[in-house]
Amino acid sequence: MATPILQIERLTTCLPTDTGLIRPVNDVSLAISEGQTLALVGESGSGKSLLAFSVIRLLPASGWFENGRILWKGKNILEMDREPLRKIRGKEIGFIFQEAGAALNPVRTIGAQVSETLRTHLTMSRAEARDRSIELLREVKIPEPERRVKDYPHQLSGGMKQRVLIAMAISCDPELVIADEPTTALDATLQTRILDLLQKLKEERKLAMLLITHDLALVRKNAERVAVMYAGRIVEEATTSRILEAPQHPYTKGLFESLPRSRGAASGKRRLAALTGTVPHLASLPRGCAFESRCPVKFEPCHGEVPSLAGVEGSSDHRSACYRNQAVLDAIEAGS
């Protein structure tokens, strides 16, 4: 893989809750190269959004980083002062929030909100920022952008509000865009249009992207690599083609089995297999593998200690955190 533009090294994020201390991001290591899309997938409650906010150091006031580094072009974001960090947020790293309705200010016009991003990071007059806002709305396929800059969020459809967030995220020509569930609450047709738009912008602007989703079907044509997150940890990572063809972790396999096959898949009817159980509460995780209680292939080592993320035999860039992975079992035997 090329030199990463973003490198997360053994990152652990802590949050106090009424039920105890949780680590929604627990010993996570990931890398994204220039122009690459990494899809981060997993069920709700897996820690995906907290990892995204951790990258730009936007934690709740009560949260803190317990361990690790976040290297942006070689510099550790966790050690940056406020001003250099502010220059990165929004300018070098764009963010598309999950809920467009909640992310946009209801009492300010669309044009004012896009212009604010431009004027915060670029040297622009009000008139220049307004003209650029119109161009950006046009670029994300919002009709009549000259009129829409005067509109308020409630005057736009859900799909149009999502496009406004995309326009804001790309407004300062970032090198990385973090898209946190960018198609939440949209119907299937709008989901496809938004993802196609993101893919087009990525190719035109040579963007790197962290695409966060709970739907593995969305990654097929939108990502080069996939990382699967469960209970705060990465449990599998590989190229998209490899993880689609040969998923190794039981959780990844379960996610795939719960999805309908595309029309191009093998013929014949197939009953969808529901993934039983739920993600455990992060304040009361089991001592061993967090997936053990839901796993159909668990065996003795699973309840004793958290399995490490190790290379899968036969692939140089496929990692899985499962005791069924021979590399993990070999490491245990070598240490005993």
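Analyst: Happy to! Let's start with pairing: two strands pair if DSSP finds at least two bridges between them. Keep in mind that this is a predicted model.

User: What makes strand β1 and strand β4 a pair?

Analyst: Strand β1 (residues 4-17) and strand β4 (residues 64-72) share seven bridges. The rule asks for at least two bridges, so seven bridges make β1 and β4 a pair, here in the antiparallel sense. You can look for Gln7, which stands opposite Leu71 in β4.

User: Which sheet holds these strands, and why do β2 and β5 count as its edges?

Analyst: The sheet is open and has four strands in the order β2-β1-β4-β5, paired antiparallel. β2 (20-33) and β5 (75-76) each have a single partner strand, so one side of each has no neighbour in the sheet. Helix α1 (residues 48-55) lies across β1, β2 and β4, at about 115° to β1.

User: Why is Lys75 called exposed?

Analyst: Lys75 lies in strand β5. Exposed means over 50% relative accessible area, and Lys75 has 58%, so Lys75 counts as exposed. Leaving out residues up to four places away in sequence, Lys75 touches Ile70 and Met80.

User: How do you know that strand β8 is mostly covered?

Analyst: Look at strand β8 (residues 208-213): six of its six residues are buried. To be called buried, a residue must be under 20% relative accessible area. Ala208, Leu210 and Ile212 point one way from β8, while Met209, Leu211 and Thr213 point the other way, and all are buried.

User: Which strands are joined to β8, and what makes them its partners?

Analyst: Strand β3 (residues 37-41) is joined to β8 by five bridges and runs parallel to it. Strand β7 (residues 176-180) is also joined to β8 by five bridges, again parallel. As examples, Thr37 has Met209 as its bridge partner in β8, and Asp180 has Ile212. β7, helix α8 (residues 188-205) and β8 also make a right-handed β-α-β unit.

User: What is the mean pLDDT, and where is the pLDDT below 50?

Analyst: The mean pLDDT of the protein is 89, and 92% of its residues reach 70 or more. Over residues 262-267, however, the pLDDT is below 50, and this stretch has one contact in the model beyond near neighbours in sequence.

Methods:
Residues numbered from 1 in each chain as written. Predicted model: local features only at pLDDT ≥ 70, side-chain atom pairs only at ≥ 80, totals over all residues. Heavy atoms only, no water. Helix = DSSP H or I, 4+ residues; strand = E, 2+ residues; numbered from the N terminus. Contact = heavy atoms within 4.5 Å. Axes fitted to C-alpha atoms, helices over the stretch in contact; angles between N-to-C directions. pLDDT = per-residue confidence, 0-100. Buried < 20%, exposed > 50% of the residue type's maximum accessible area, 1.4 Å probe, protein only. Right-handed = clockwise from strand over helix to strand, strands pointing away.
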